[in-house]
Amino acid sequence: MSSPYYASQGDGPVVVQGHVVGGVPVNSNYNNYSSGQQQQVVAAPINTNNGAFKGEAQPKRCNDAFFGILFYAHLGVMAWAAATYAPQMYEVIADEYTSGGDDRRSMMMQSSSSSSSYYMPRFLQEENNDGDGGEVEALAMNEVFLILGISGAVGFVISTLALSFMMTFARALIKVALWFNIIMSGLMALMALISGVIPLALMCLLGFAFSAYYAYVVWNRIPFAAANMVTAITAVRANLGVSFFAYLSLFLTFGWTLWWSFAFVATNFVANGCDAEGVCEREPNGGVVFLFLISYFWTMQVVKNVTHVTVAGTVGTWWFAPDEASSCCSKAVGQSWIRAMTYSFGSICFGSLIVAIIQAVKEVVHQMRDQNDSMLACCAECILGCIERLVEYFNQWAFVFVGLYGYSFMEAGKNVMTLFKSRGWTAIIADMLVDSVLSMVAIVVGLLTGVIGILAAQASGIDLSQGKVAAPFFLGFLFGFALAATLFSVVSSAVNTVIVCYAEAPAEFQQNHPKLSEEMRAAWKQAWPNDFSY
């Protein structure tokens, strides 16, 4: 396979992605959008046969401002809905409680809960189910906080140490992740055959064959994926303060879920004329429910993508101006977040809204499928799920260009198409290989913190008999996994940024980070030995 990066022009300069990187001095200036006013030595952009150009720093302006204003306006509407309808809902409940006594109150709360959950999206209903029909014994609230506190502290330490571990054993971990996928697919197929579930067994066998073939095809790309992961983790460790915004997003999404649920239930309760027993005079308005769904998904996407753009800007500054991004709380971190919340916020809201609409439609189709058990609805949900994943994947690359150069969302999208046209499947393969490692390590961290949760419960004298041992493990696992996944999402965003930066600015990488650049070029030479000319 020929390299999509390197092109030799006889005895003249070596061209990389449209830039001269060898044979002539590189001395042009670059106003890096990610780092303010500094001047950097970069490769001189030239036109290649495929017409690719390097991304350019954009003027500081509020891109796609309409969508940013629309997002804040929608938050205002949500605040108004909660403030207007919640007091009315509680007034109805209080009146019926006063007239009915304790038994009445218990019945009302149970009925109201079941009524509201009927309209609640499945992702929120599932969070309230333990999946075992209530067999797991409940823990007291103080016990829950104790387990979460200890397992969370340990999970944070383990996750941070895992960054060094992944840097040291990057290639080995990628190989383990590939083998892990193959083995798990094979085991699932075997279990399905033993259980007599032939359709599931056939699907698992297909997954096993695909995993094995995929591992065979990408095996020689492992060094390049490992080099990308090591570079990304190095950038994140040099600016570890960016993880603060990732953890902040975790708590923001939790708070938003509570706020949204509160407003959603109160609005439907009052608008549909419900009483405390959950009996409503009117059916819920489908349009209102759909708008609420868009609101929920849109905000979740915006919170996630603000962090993604912040990481892209920080890693971009580390790439082009390492002196400004070489400490835990470097100014690159704060400036990148400020830009994400100001100049680029409208672009983030624009791209996030597209995904949110698809997710809301898919949720409605899922509810229709649950009610009617329609094959057509099942197929539609499957298609919408595929579209959702494709658009989300496209967005994560588009937002890298937003964070690096300050493009609007549409301009960033054009750059993504240019990137994939010039790089083919290389970027996707490297990204997928790294993400599989991050997911695997996050699960391991969750398992360790689950064990820590059990040990913390034992050390605190909590009774673990009668099935209670599952509760502390489950709490520890979930919290540890969430913390690890949040930190590793920063690494995943950094990997996307590294791939883009190396495609567009390898000369700056060689100048500012020569050791990492040597490792990256060595990985390229191993993957494409016949076409390597840099």
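Reply: A residue is called buried under 20% relative accessible area, exposed over 50%, and partly exposed in between. The model to which we apply this is predicted.

Me: Take Val364: which of these classes does it fall in?

Reply: Val364 has a relative accessible area of 32%, so it is partly exposed. This valine is part of helix H10, which covers residues 345-372.

Me: Which residues is Val364 in contact with, leaving aside neighbours within four places in sequence?

Reply: The partners of Val364 are Phe290 and Leu293.

Me: How much of the protein chain is made up of buried residues?

Reply: Of the 534 residues, 49% are buried. The chain has 16 helices and five strands. Contacts between residues at least 6 apart in sequence can be sorted by separation; here 79% of them join residues at least 24 apart.

Me: How should I read a pair of aromatic rings?

Reply: Such a pair is described by two values, the distance of the centres and the angle of the planes. In this model the count of aromatic pairs comes to 29. One of them is Phe156 with Tyr247, a tilted pair with 5.7 Å centre to centre and 55 degrees between the planes.

Me: Where in the chain do Phe156 and Tyr247 lie?

Reply: Phe156 is in helix H3 (residues 141-168) and Tyr247 in helix H7 (residues 242-271), so the pair links distant parts of the chain, 91 residues apart. Phe156 is partly exposed at 41% relative accessible area, whereas Tyr247 is buried at 11%.

Me: What makes the pair of Trp260 and Phe264 stacked?

Reply: Planes under 30 degrees apart count as stacked. The planes of Trp260 and Phe264 stand at 15 degrees, with the ring centres 4.8 Å apart, so this pair qualifies. The two residues are four residues apart in helix H7, which means a separation of about one helical turn. Trp260 is buried at 0% relative accessible area, and Phe264 is buried at 2%.

Me: Which residues form an aromatic cluster?

Reply: Phe66, Phe67, Phe350, Phe399 and Phe409 form one.

Me: At what angle do the axes of H11 and H14 cross?

Reply: The axes of H11 (residues 375-405) and H14 (residues 470-504) come within 10 Å and cross at roughly 65 degrees. The range from 65 to 115 degrees counts as roughly perpendicular, and H11 and H14 are therefore described that way. Their crossing is right-handed.

Me: Which residues meet where H11 faces H14?

Reply: From H11 come Gln396, Trp397, Val400, Phe401, Leu404 and Tyr405, and from H14 come Asn496, Thr497, Ile499, Val500, Cys501 and Glu504. By class, this contact has eight nonpolar, three polar and one charged residues.

Me: What is the phi of Asp64?

Reply: Asp64 has a positive phi of about 50 degrees although it is not a glycine. Asp64 lies in the loop between strand S5 (39-42) and helix H1 (65-119).

How values were computed:
Residues numbered from 1 in each chain as written. Predicted model: local features only at pLDDT ≥ 70, side-chain atom pairs only at ≥ 80, totals over all residues. Heavy atoms only, no water. Axes fitted to C-alpha atoms, helices over the stretch in contact; angles between N-to-C directions. Parallel < 35°, antiparallel > 145°, perpendicular 65-115°, else oblique. Left-handed = near helix turned anticlockwise from the far one by under 90°. Contact = heavy atoms within 4.5 Å. Nonpolar A, V, L, I, M, F, W, Y, C, P; charged D, E, K, R; others polar. Phe/Tyr/Trp six-rings, centres within 6.5 Å; stacked < 30°, edge-to-face > 60°. Buried < 20%, exposed > 50% of the residue type's maximum accessible area, 1.4 Å probe, protein only.
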